[in-house]
Amino acid sequence: MVSPASSAKEERIQRGCETLGQLDFRVKRYPSKHKPDGFFSAPLGERRKQLQDALTRPDVAAVLCSRGGYGSTEILDGLKTERPK
């Protein structure tokens with residue numbers, strides 16, 4: 001669970017992760033290490049790094065985003081989406 005754009009309410013993210021856990025999914029959260037950056041969940045570099053890590057980890061089968069929209073497109077520049085072999 002990553003937040004590549006705006007922040008979502010913590011209680012909603014937690015509830016979603018708990019629901020996924022009840023459905024037998026193993027959930028890895030990428031919480032922000034920084035305060036929100038304006039409308040965004042974290043500074044650009046942190047958001048890009050978290051999404052990059054989630055997309056390229058071999059033990060991750062799916063990536064879910066807490067929110068999308070404005071702010072998501074700016075992290076795409078420089079993102080590598082090919083999984084290591």
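Let me start with D24, which sits in the loop between α1 (10-22) and α2 (44-56). Helices here are DSSP runs of H or I with at least four residues, strands are E runs of at least two, and both are numbered from the N terminus. D24 is not a glycine, yet its phi is positive, at about 70°. The residue is exposed, with a relative accessible area of 72%. On the wording: buried means under 20% relative accessible area, exposed means over 50%, and partly exposed is in between, with a 1.4 Å probe and protein chains only.

A word on where this comes from. The model is predicted, so local features need pLDDT of at least 70 and side-chain atom pairs count only at pLDDT 80 or more, while totals for chains, interfaces and linings use all residues. Residues are numbered from 1 along each chain as its sequence is written, and side-chain values use heavy atoms, with hydrogens and water left out.

Staying in that loop, L23 also has its place between α1 and α2. L23 counts as exposed, at 56% relative accessibility. Together with F25 and V27, L23 makes a nonpolar surface patch of about 300 Å². Patches are built from residues with over 30% relative accessible area and no salt bridge; nonpolar side chains (Val, Leu, Ile, Met, Phe, Trp, Tyr) are joined within 5 Å, and like charges within 9 Å. The areas come from the Shrake-Rupley method with a 1.4 Å probe, and for residues only the protein chains shown count as cover.

Next, salt bridges. How many does the structure hold? There are four, where a salt bridge is a side-chain nitrogen of Lys or Arg within 4 Å of a carboxyl oxygen of Asp or Glu. In one of them, R29 pairs with E10, and the closest N and O atoms are 3.0 Å apart. R29 is in the loop between α1 and α2 while E10 is in helix α1, so this pair ties together parts that are 19 residues apart in sequence. Both ends are partly exposed: R29 at 26% relative accessibility, and E10 at 42%. E10 has another feature to point out: its C-alpha is 9.8 Å from that of S66, although the two residues are 56 residues apart along the chain.

R57 takes part in salt bridges with two partners. With D53 the N to O distance is 3.9 Å, and with D59 the closest N and O atoms are 2.8 Å apart. Through shared partners, D53, R57 and D59 are joined into one network. R57 is partly exposed at 25% relative accessibility, and D53 is partly exposed at 30%.

Now to helix α2. It has 13 residues and reaches 18 Å from its first C-alpha to its last, close to the 18 Å expected at 1.5 Å a residue. The expected span is 1.5 Å times one less than the number of residues. Which residues of α2 are buried? They are E46, R47, Q50, L51, Q52, A54 and T56.

Take E46 from that list. Its relative accessible area is 12%, so E46 is classed as buried. Leaving aside neighbours within four places in sequence, E46 is in contact with P31, S32, K33 and H34, contact meaning heavy atoms within 4.5 Å.

Last, the cysteines. In general, a disulfide is a covalent bond between the sulfur atoms of two cysteines. Here, a disulfide is called when a pair of cysteine sulfur atoms is within 2.5 Å. By this rule the count is zero. As for accessibility, C17 is buried at 9%, whereas C65 is partly exposed at 40%.
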